[in-house]
Amino acid sequence: MVMTTQTALQETEQEIVAGDEGIQLLYSLSKEELVRIITDDAKNWLAHDGVWFQSLEKKYGMDVAVDIDTDAWRLFTVIEAKRIMERLGLKPGGGIPALVECLKHRFYARLNLQQCIEVTETRAVFRMIDCRVQSARKRKGLPDHPCKSVGIVEYSGFASTIDPRIGTRCLACPPDEHPEEFWCAWEFTLNP
C-alpha cells in the first residue's frame, strides 16, 4: 500500500502529539515564525558556544581554551555533517556539489553571511563574509578571535564527512591577516 504525503504527515503529527508539545507547536506556526525560531535557536547555540569558550579562557587561558574547543569541534562537525546529509537524503561521496549544498544547512549559515565562489565539480572556495563572533569582537575593539586552528579541524572534518576525497586548505583565517571583504576563506578540492 502506497502512503500519501498527507497521510505520512498526519501520522508523524500524531506521533509527536503523544510525545512532545514543543515539536507539535512548530506545526501550527507560519513559515515566517519558523524562520525566526530557527534563527533564534542558532543564536542561542552560538551564545552557548561563546560563553562556554569564554569560561574556559577565563579559567585556563586562551591556549587551553582553543585546544579544548578544537577537540569539541573535531566531534561536533562530524555530527553536524551527518545529520545534514541524513536530512537531505545524501550519502557520503557526493563530491563538491554535496559539500556546497551541505554548507548552506549548517548552523553558521543561519547567522553569518557566507558564500561559495569558483565552484566546479572538483573545487570550491568558501568565504565567511560576515562572522557574527568576529564582528562582535571588532565592535568591542577586541582583536580578531584566533580561530584558524579550530577552523582547520572544523572545515576539514565537515568536508571529509561529506566526501572523504575532499581536501581542505585554509586560504585566510584569523589570527592570520585577511582582507576586509571576508573573515576567513577555505578551498575545497576533490582528490582523485
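This is a predicted model: local features need pLDDT of at least 70, side-chain atom pairs count only at pLDDT 80 or more; totals for chains, interfaces and linings use all residues.
Local features here need pLDDT of at least 70 and side-chain atom pairs count only at pLDDT 80 or more, while totals for chains, interfaces and linings use all residues. Residues are numbered from 1 along each chain as its sequence is written, and side-chain values use heavy atoms, leaving out hydrogens and water.

**Stop one: the patch.** Select W52, Y60, V64 and I68, which make a nonpolar surface patch of about 330 Å². Patch residues have over 30% relative accessible area and no salt bridge, with nonpolar side chains joined within 5 Å. A salt bridge would be a Lys or Arg side-chain nitrogen within 4 Å of an Asp or Glu carboxyl oxygen. Helices α3 (31-60) and α4 (62-88) each give two or more residues to the patch; helices are DSSP runs (H or I) of at least four residues, strands (E) of at least two. Now pick I68, in α4: its relative accessibility is 32%, so I68 counts as partly exposed (between buried, under 20%, and exposed, over 50%, with a 1.4 Å probe).

**Stop two: the sheet.** Show the four strands of the open sheet, in the order β1-β2-β4-β3 with antiparallel pairing (at least two DSSP bridges per pair). β1 (113-117) and β3 (166-172) are the edges, because each has a single partner strand. Zoom in on β3 and β4 (184-190), joined by six bridges; R169 has E187 in β4 as its bridge partner.

**Last stop: the helix.** Select α7 (148-162), which lies across β2 (123-130), β3 and β4, at about 150° to β3 (axes fitted to C-alpha atoms, N-to-C angles from 0 to 180 degrees).

Conventions: Patches are made of residues with over 30% relative accessible area and no salt bridge: like charges are joined within 9 Å, nonpolar side chains (Val, Leu, Ile, Met, Phe, Trp, Tyr) within 5 Å. Accessible areas come from the Shrake-Rupley method with a 1.4 Å probe; for residues, only the protein chains shown count as cover. Contact means heavy atoms within 4.5 Å.
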